[in-house]
Structures are given as C-alpha cells and as structure tokens.
Amino acid sequence: MPAATLPLRYWCRCERTPTPSAPRGILALTPGEALEWVREGVRDVVAELAAEEFDRAWSWLGDHWRRTEADRRSLRAGLPYALRLGGPAALWTWTVHPVQPLPLLDRRLATTTRRIAQPAER
C-alpha cells in the first residue's frame, strides 16, 4: 500500500535585522494565505523603508495578485519564496517555505502505542 502524501502547508516567517524582538511566523494552509501574510507585513513596515525600497514595496503591493500568481505556483510546486526590504534602521526578510507537517496523534492512541511499545515488566 503506497504511503499517503501529506498536504503541503506553508511556514511563513518575518525577521528584522537588527532584531529588537523574536521573529514572527505562522503556518499557512495555502500559498495565497501565506503571501497575504507577507503582504500585511509589508504594509506594516512600508513607512519605515528607504525611498527606493518604498517604491519597490508599493509596486509589489499594488500589483500583488498578478505578480504573485507565479509565486503561488512555485510554492505549490514546493519552492520557497523570499522578499527582502530595507530601511535606514532595519532590514526585513519575509520567507515562505512549503512544509509537510506531521499529523498529531490522538492522545488516546499515543498512550496505547506507548504501552504496546514498552516491554512488560516482570
């Protein structure tokens, strides 16, 4: 019997350098959801960007759906995505990595499996 293929999920992460706090991240269910999370992050920092980066960010935000269709296809194919924007005080990097998270076992099944796997005490 062939092994079941787990569905792809998308690990999204945003890092700011220098780091004032821990990186932020989510596990998105779809490429569209992952790229929308990146889009929201870009909107949050756009005012802090350098002039040329500000223009690049607004261009990316304004043409988001058409330009990111290729990014969605790439993510579905298992390829990562990254966007880096900088300002006078910081550099932001958003990454999206396709992952196949392992399913969590039902707590009762995990307990039963542990009992079976351990040899009986004599």
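**Around Thr93**

Modeller: Happy to. Leaving aside residues up to four places away in sequence, Thr93 touches Arg13, Cys14, Glu15, Leu83 and Arg84. Bear in mind that this is a predicted model.

Biologist: Which element does Thr93 sit in?

Modeller: Thr93 belongs to strand 4.

Biologist: And is Thr93 buried or exposed?

Modeller: Thr93 is buried, because its relative accessible area is 15%, and the cut-off for buried is under 20%.

Biologist: What does the side chain of Thr93 make a polar contact with?

Modeller: With the side chain of Arg84, at 3.1 Å. Arg84 is also one of the residues that Thr93 touches.

Biologist: Which residue stands opposite Thr93?

Modeller: That is Glu15. Glu15 is on the list of residues touched by Thr93 too.

**The sheet**

Biologist: OK, let's zoom out. How many strands form the sheet, and in what order?

Modeller: Four strands form an open sheet, and the order is 2-1-4-3. The pairing is antiparallel.

Biologist: Which strands stand at the edges?

Modeller: Strand 2 (24-28) and strand 3 (81-86) do. Each has a single partner strand, so one side of each has no neighbour in the sheet.

Biologist: By how much are neighbouring strands turned against each other?

Modeller: By 10° on average, with direction ignored.

Biologist: What holds strands of a sheet together in general?

Modeller: Strands of a sheet pair through backbone hydrogen bonds, and they can do so parallel or antiparallel.

Biologist: Back to this one, then. How many bridges join strand 1 to strand 4?

Modeller: Nine bridges join strand 1 (residues 9-17) to strand 4, and the two run antiparallel. Within strand 4, Val96 is the residue that Cys12 stands opposite.

Biologist: And how many join strand 3 to strand 4?

Modeller: Six, with the two strands again running antiparallel. Gly86 stands opposite Leu91 of strand 4. A hairpin of four residues joins strand 3 to strand 4.

Biologist: Where is the cis peptide bond?

Modeller: The bond from Thr17 to Pro18 is cis, and its omega is near -5°. Pro18 is in the loop between strand 1 and strand 2.

Biologist: What are most peptide bonds?

Modeller: Most peptide bonds are trans.

**Salt bridges**

Biologist: Switching to charges now. How many salt bridges do you count?

Modeller: The count comes to six salt bridges. Glu36, Arg39 and Arg43 are linked in a network of them.

Biologist: What are the distances for Glu36?

Modeller: The N to O distance between Arg39 and Glu36 is 3.9 Å. For Glu36 and Arg43, the closest N and O atoms are 3.6 Å apart.

Biologist: Where do Arg39 and Glu36 lie?

Modeller: Both are in helix 1 (residues 31-45), three residues apart, or about one turn of the helix.

Biologist: Buried or partly exposed: which is it for Arg39?

Modeller: Arg39 counts as buried, because its relative accessibility is 16%. Glu36 counts as partly exposed at 22%, and Arg43 is partly exposed as well, with a relative accessible area of 39%.

Biologist: Which residue does Glu53 meet in a salt bridge?

Modeller: Glu53 meets Arg56, at 3.4 Å from N to O. These two are about one helical turn apart, because they are three residues apart in helix 2 (residues 51-62). Glu53 counts as buried at 17% relative accessibility, while Arg56 is partly exposed, with a relative accessible area of 39%.

**Confidence**

Biologist: Last topic: what pLDDT does the protein chain average?

Modeller: The average is 81, and 76% of the residues score at least 70.

Biologist: Which elements have the lowest and the highest mean pLDDT?

Modeller: Helix 4 (residues 107-117) has the lowest, at 49, and strand 4 (residues 91-99) has the highest, at 95. Over residues 112-122 the pLDDT is below 50, and that stretch has zero contacts in the model beyond near neighbours in sequence.

Terms used: Residues numbered from 1 in each chain as written. Predicted model: local features only at pLDDT ≥ 70, side-chain atom pairs only at ≥ 80, totals over all residues. Heavy atoms only, no water. pLDDT = per-residue confidence, 0-100. Contact = heavy atoms within 4.5 Å. Buried < 20%, exposed > 50% of the residue type's maximum accessible area, 1.4 Å probe, protein only. Polar contact = N/O pair within 3.5 Å; in protein donor to acceptor, adjacent residues only side chain to side chain. Pairing = 2+ DSSP bridges. Axes fitted to C-alpha atoms, helices over the stretch in contact; angles between N-to-C directions. Salt bridge = Lys/Arg side-chain N within 4 Å of Asp/Glu carboxyl O.
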